[in-house]
Structures are given as C-alpha cells and as structure tokens.
Amino acid sequence: MTEEGPKRPVPQANALTEPFWEATKEERLTVQRCTACDRLFWYPREFCPLPHCFSSDYEWVDVSGKGRLHTFTIIAQAADPWFQERVPYIFGVIQLDEGLRMMGNVDIPVEEAACDIPVEVYFEKIDDDWTLPQWRPIAS
Amino acid sequence: MSLRGAASIIGIGELKPERRKPGRTGPGLAQEAARLCIEDSGLLKEQVDGLITEIPFLNTCEFAETLGIQPTWAHGVNMMGSSGPTSVAIAAMAVNAGLANNVLCLVTSGEVGGFGGGGGGAIGGQFPQFAGPFGPGPGANFWYALVANRYKHEFGLTDEERVAIAVQQRENAQANPDAAFYGTPATTDDVLNSRMVANPLTLLECVMPTLGAAALMVSRPEAVESSPHDPVFILGVGHSMDRGVPGITYVDRMTKSPVELSARAAYKMAGVGPQDMDMASLYDCYTITVIIEFEDAGFAPKGEGGTYFANEDVTYKSDGIAVNTHGGQLSFGQPGTAGGMSHATEAVRQLMGRGEARQKETVDYCFVNG
Ligand SMILES: [Zn+2]
C-alpha cells in the first residue's frame with residue numbers, strides 16, 4: 001500500500017498496555033481494576049497507585065465509555081506533520097462517569113467545544129493494527 | 001528540622017538567553033556561568049567544595065572534571081523546570097549538614113536550546129500512547145491550554161485578563177538588557193493577536209526556548225561577612241508533588257497547583273507569610289501558570305489572580321508585590337532548566353540591590369517558585 005504525505009502517528013504500545021489496544025479493536029474501552037482494593041485506575045501501571053494500596057494484581061475491565069469533556073484545547077500548531085495538515089482540531093480531556101480521565105480528540109465543530117458537555121466514546125480504526133478511542137457529543 | 005537561615009547565597013552567574021550562540025559549545029556555556037558565579041562570589045574555584053547540576057549533556061561528575069574542580073560533595077538534580085530552585089534547596093541542606101562550605105548550583109539548557117530532549121512529561125511511556133496519537137502539539141502547550149480553558153470555565157476569566165501578566169512582564173523586560181525581548185514592548189492586543197498556538201493560548205503566552213545557563217553559590221551563613229554583596233539568606237523551603245504532575249490531565253483539580261502545599265511549608269519554616277513578600281518570582285512557562293501559582297502562594301484568592309494582574313501594577317515599579325521583575329521566562333527567554341533558575345537568580349539580584357534599571361525600591365523578602 002502506498003500513501004501520499006505524512007504518516008499518521010500510532011500508539012507506542014508495550015506489553016503492559018497490549019490488552020487495552022486489543023480491546024479497542026473489539027470496540028471496548030478498558031481500564032485496570034486493582035483486585036486488591038477493588039478500585040479502577042488510569043493510565044496503565046504495573047502497580048496500583050491508589051492511596052493505601054501497592055498491589056500488582058489487576059485485571060482489565062470494560063468501562064461505560066460515557067463521560068464529560070472536562071477541558072479541551074483547539075490545536076493550531078501541531079508537532080506532527082500528519083496533524084499539522086488537520087489543524088484546527090480539538091484535543092480534549094474526558095472525565096469518564098467512572099471518575100477517570102482520558103485524552104482524545106472530540107469530533108465536534110471547534111466553536112462548539114465547551115467544558116463539561118456530555119460525550120461518549122467511539123472507535124476510529126486506523127488500520128488492521130490500531131484502533132483509537134475517540135469522543136463525540138451526546139444529548140445530556 | 002528547619003533550614004531557616006542555615007545558608008546564604010553569595011553569588012550569581014547567568015548568561016543572556018539567546019536563540020543561537022555562534023561558535024559556542026554547551027559545556028562552554030556551562031563553564032562560563034560557573035566562572036561568572038564563582039568570581040561574583042569572591043571565591044577561587046578551589047574553594048568550591050560542593051556541586052549540584054542539571055546539564056542535559058553532562059553528568060555532575062563530568063562537569064566537575066571539565067571545570068577542573070574537585071568537590072567533596074556533589075549531586076545531580078532532575079526536576080524539570082524546578083531544578084534550579086530545587087538545587088538551591090538541596091545545597092542549603094548540604095551546607096546545613098556540614099557537608100560543604102560553598103555549593104555551586106548550576107543548570108543549563110540543552111546543547112541546541114530548550115530542555116534538550118528532557119521535560120515534556122513522558123510519564124513511564126504513557127504519553128506516547130495516550131496523548132501522542134491524538135496530536136497534542138509541541139512541548140507542554142496543550143497541557144497548559146487545557147488548564148487555561150478549564151480555568152476560564154470555572155472562574156470566568158477573560159482572555160484580556162489572562163494575558164495581563166504577559167504584558168506586565170514584558171514591561172519589566174524593557175528594563176532588563178539581558179532579556180531576550182528587551183527592546184520589544186508588547187501590549188494586550190499584541191499578545192492577543194499573536195499567532196494562536198493552542199486555544200486559548202497565543203504565541204506570546206508561551207515561552208521561547210533559548211540557549212543559556214544560570215548558577216548561584218550557596219554558602220554557609222558566615223560567608224556573607226567576606227562576600228562582596230549584601231547578604232541574602234534562605235529562610236524557608238517547601239516541596240510538593242501533586243498526584244498527576246507532570247501529567248496535569250490526571251490531577252484532582254487542574255486549576256489548583258502543588259504550590260498551595262509547598263508555599264505553606266516554606267512560609268512556615270521561614271516564619272513569614274505572603275503579606276510579608278515584596279516580590280514573587282514565579283515559574284512562567286505560560287500565562288495561566290503564573291495566575292495559578294500567584295493564587296496558591298497566597299497572594300490572591302482562588303479565581304482572582306488574573307483579575308489582580310489586570311488591575312494592579314506588579315512590575316518592578318509596584319509599591320506592592322512585584323512579579324517576575326526580570327521579565328519572567330515569557331520575556332527573558334527559557335534556556336531549559338536555566339529558565340526556572342532565572343526566578344531564583346532574579347530574586348537574589350533584587351535582594352542584593354543589583355537590579356539596576358529594574359531594581360524594586362524595597363525588597364526584603366522574595367518568594368521563589370520553580
Ligand atoms: Zn489497589
């Protein structure tokens with residue numbers, strides 16, 4: 001396959017995060033749940049970062065994929081050539097209903113971006129290897 | 001245990017931040033800042049028995065060797081923008097413990113400017129996976145843009161109010177020939193109309209990476225007697241690392257900083273409070289950063305830092321508190337970690353009465369945050 005122009009950046013995954021990226025291919029959003037203290041955490045770590053726990057026992061569990069756009073920026077200057085061809089676009093921080101925060105793009109006209117609007121996850125397949133969790137607004 | 005009065009600061013060495021320094025090498029710039037600092041302290045290099053550095057291209061041992069000194073106590077520091085002020089705090093501990101008499105604290109930019117590859121907060125590989133694929137843009141722009149928009153949402157701060165500190169710092173820089181933006185004044189409209197980088201932040205709300213190096217000499221309190229300068233003492237230090245810093249995305253409340261805790265610790269040790277400060281030298285990678293630190297250090301209620309800067313004079317001419325009299329990194333330039341150190345060097349300069357055209361009239365106490 002040949003493509004013109006810059007190449008889209010893909011995640012630099014590792015052994016720890018492989019289950020997360022495998023799940024996105026099945027359109028599931030997963031996070032770690034510490035099996036010692038029964039709490040969720042994000043971003044991925046080998047050891048539970050939550051107060052009064054230091055366990056390394058965890059499992060990956062599905063989360064709702066619903067939340068609010070906690071905050072956002074409209075990128076006008078990208079570092080990556082692929083993204084520079086697509087400015088302006090929204091880079092957001094989503095606060096999931098489960099309380100965790102994730103980063104991603106929000107598919108909405110830039111002038112409609114606002115803190116705390118309700119959003120849900122959708123999955124953007126880049127190629128056979130990579131599917132990204134992305135976000136779009138929903139009615140509140 | 002306290003460090004109140006346990007150490008003095010007797011000398012400054014700092015290079016003018018510039019985009020390029022033709023013909024110069026990274027080690028050469030570090031050595032120049034070291035020599036300036038040692039000479040300014042009235043010391044011989046043989047009297048420097050302590051060394052603490054962050055030089056992206058040389059470890060502390062290598063730097064001692066290139067400088068031709070043989071410290072009996074040495075340390076590396078690795079705290080991103082706060083490395084400079086942190087090195088001063090660690091040096092005070094070493095002096096207080098009797099481990100060294102004269103500690104050279106020196107931090108520099110990378111060899112091609114800026115942080116030299118460090119910084120940016122690639123937390124354990126999470127950033128390249130969970131931010132990078134979504135196009136965050138260069139450096140930390142997006143992080144502070146995220147904070148700025150959240151701050152707008154929570155407190156209703158206007159863009160004009162947010163950029164006021166950049167305008168005031170630019171005015172300070174017009175009295176500092178060593179500032180990168182000396183000779184280039186800027187108005188509110190100039191800042192607002194500069195190129196958009198990451199909404200809401202415009203170009204003039206973001207630091208410009210430069211080459212540079214900065215150093216301070218931290219010595220025993222008695223050293224002030226033979227020092228060529230007015231005495232400067234370290235009265236209190238505090239550190240705090242919030243969960244999620246430097247990720248910012250993950251902190252409990254984005255509009256609050258760990259300065260709330262570190263400032264409280266420093267004031268407690270020093271036995272003074274924000275009402276006693278004549279000057280605040282606050283890390284300013286972006287406009288929004290200064291606003292939040294100013295509040296969390298106790299100079300304005302939460303949510304009112306930006307309006308304070310929009311309505312009150314905080315330049316070196318102020319009768320009240322002055323902020324970043326050297327221009328801040330926004331107008332002085334950001335030579336990597338030496339940018340953070342500039343907040344400490346400027347505080348020392350003002351306390352010694354060496355501020356020249358930008359000397360504030362009364363400066364007895366300074367608050368420094370890296
Ligand atoms: Zn746990």
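User: With 13 C-beta neighbours inside 10 Å, how does Asp116(A) count: buried, partly exposed or exposed?

Analyst: First, some ground rules: this is a predicted model, where local features need pLDDT of at least 70, side-chain atom pairs count only at pLDDT 80 or more, and totals for chains, interfaces and linings use all residues. Residues are numbered from 1 along each chain as its sequence is written, while chains are lettered from A and ligands numbered from 1 in the order in which they are written. A residue is buried if 20 or more other C-beta atoms (placed from the backbone) lie within 10 Å of its own, exposed if 12 or fewer, and partly exposed in between. Because Asp116(A) has 13 such neighbours, the label is partly exposed.

User: Where is Asp116(A) found, and what is its phi near?

Analyst: Helices (H or I, at least four residues) and strands (E, at least two) are DSSP runs, numbered from the N terminus. Asp116(A) sits in the loop between strand S6 (101–105) and strand S7 (118–125) of chain A. Most residues other than glycine have a negative phi. Here the phi of Asp116(A) is positive, near 75°.

User: Is Asp38(A) buried or exposed?

Analyst: Asp38(A) also has a positive phi, near 60°, and lies in the loop between strand S1 (30–34) and S2 of chain A. Since Asp38(A) has 8 C-beta neighbours inside 10 Å, it counts as exposed.

User: What is omega near for the cis peptide bond from Val87(A) to Pro88(A)?

Analyst: Most peptide bonds are trans. Pro88(A), in the loop between helix H2 (81–84) and strand S5 (89–96) of chain A, is joined to Val87(A) by a cis one, with omega near -5°.

User: Which element gives the largest share of the side of chain B that touches chain A?

Analyst: The contact takes 26 residues from chain B and 31 residues from chain A. Elements giving two or more residues to chain B's side are helix H4 (126–130), helix H5 (141–155) and strand S5 (196–199) of chain B. The largest share, six residues, comes from H5(B).

Note on methods
Two residues are in contact if their C-beta atoms, placed from the backbone, lie within 7 Å.
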